[in-house]
Amino acid sequence: MAVKSHNNFRIRFPEVLLIGFIILSGVSLGFHTGGFILDVKKIGFSVVSSVEKAVHYVVDGVADTVGAVKELHQLRKDYNELVIKLEKYEELQRSNVDIRKENERLKEQLGFSVSMEEKNIPALIISRNLDNAYSYLTIDKGSVNGIKKNMPVVAFQHGNEGLVGKVVQVGMFTSQVMPIYNMDNIVSCRIQNTRDLGLVNGMGSQDKPIVMQYVRKRVLDELHYGDVVVTSGENDNYMRDIPIGTISKITVIDYNSSLNIELTPIIDFSRLENIVVVNQKELNDRKDKEGD
């Protein structure tokens, strides 16, 4: 008897029987000697080990991911804390800079106050009226500090002494100052180089120039832009030779015998904070003490 297969390949029955016998004998021998059982154990161990290894990798991967998330959260928290500390540090630095500038400004004012021959009272501008042409400055010193009406007011700014105005109203703890840019403020003055007399009055705004009038036309050729105009010291209204402003424009008017001269104030009123009220009737005792 023969078994037919595809492609006309024939396997004879005795051969099939022989192959089956050989396989059966091998299996029997394996079970008998324990070799087959040993192989199963090895295979099982290998499979279990592979599974354990895979589980270990998975668990480690999950643990690493969780750890990375925690670490990222901590880093973000540390970063935010550092940002807050940096902002506080920068704010502290700005405060220190502002304090140093304020100290330098006050030291400058104190040195100026002590150096003056006349008795004086340093003060701080606490408010200002800028809504109209008749503006006033309010300072934090009054009658209890020795301030009186019509006392001249000066300042020391950017290394320059300049006229601010005069006291027009005095309270117990505060006073009002009429600045030189107020339209009602008229100051007797001189051109420093030529010594020509004139009158200065404001144009109603700290952002506008002040005007000097009654200077004769014939001195036109002697004047230059940048020439300094100072107080004349006449009528005891102000001390002599206090700088008021510098010449910025000269206009010749045909029908007028005098020049119209615009001045840029020595003092930058938009940045003015500290002033000095001067008592011309008394000497500066602080200067004497400084000399001692």
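**Fold and surface**

Analyst: In this predicted model, 58% of the protein's contacts with a separation of 6 or more are between residues 24 or more positions apart; contact means heavy atoms within 4.5 Å.

User: Before we go on, what should I know about the numbering and what gets counted?
Analyst: Residues are numbered from 1 along each chain as its sequence is written, and side-chain values use heavy atoms, leaving out hydrogens and water. As this is a predicted model, local features need pLDDT of at least 70 and side-chain atom pairs count only at pLDDT 80 or more, while totals for chains, interfaces and linings use all residues.

User: OK. How many helices and strands are there?
Analyst: The protein has three helices and 14 strands. Both are DSSP runs numbered from the N terminus: helices are H or I with at least four residues, strands are E with at least two.

User: And how much of it is buried?
Analyst: 29% of the 292 residues count as buried. Buried means under 20% relative accessible area, exposed is over 50%, and partly exposed is in between (1.4 Å probe, protein chains only). The accessible surface is about 19400 Å², and 57% of that belongs to carbon and sulfur atoms. Those areas come from the Shrake-Rupley method with a 1.4 Å probe; for residues, only the protein chains shown count as cover.

User: Which residues make the nonpolar surface patch?
Analyst: Val144, Met172 and Phe173 make a patch of about 330 Å². Patch residues have over 30% relative accessible area and no salt bridge; like charges are joined within 9 Å, and nonpolar side chains (Val, Leu, Ile, Met, Phe, Trp, Tyr) within 5 Å. A salt bridge here is a side-chain nitrogen of Lys or Arg within 4 Å of a carboxyl oxygen of Asp or Glu.

User: Why does Phe173 count as exposed?
Analyst: Because its relative accessibility is 54%. Phe173 sits in the loop between strand S6 (160-170) and strand S7 (175-179).

User: Switching topic: what lines the second largest pocket?
Analyst: Its lining includes Lys148, Asn150, Asp236 and Gln280. Strand S14 (residues 274-283) gives the most, with four residues. The volume is about 160 Å³.

User: How do you define a pocket?
Analyst: On a 1 Å grid over the protein atoms alone, it's an open set of points with protein on both sides within 12 Å along at least five of seven lines, whereas a cavity is a set where a 1.4 Å probe fits but cannot get out. Lining residues have an atom within 4 Å of a point. Points are joined across faces, edges and corners, and the volume is the space filled by probe spheres set on them.

User: What's the phi of Asn150?
Analyst: It's near 75°, a positive value in a residue other than glycine. Most residues other than glycine have a negative phi. Asn150 is in the loop between strand S4 (137-139) and strand S5 (152-157), and is partly exposed at 45% relative accessible area.

User: What about His158?
Analyst: His158 has a positive phi of about 55° and isn't a glycine. His158 lies in the loop between S5 and S6 and is exposed, with a relative accessible area of 61%.

User: Last one: what does Ile253 touch?
Analyst: Leaving aside neighbours within four places in sequence, Ile253 contacts Lys217 and Asn260.
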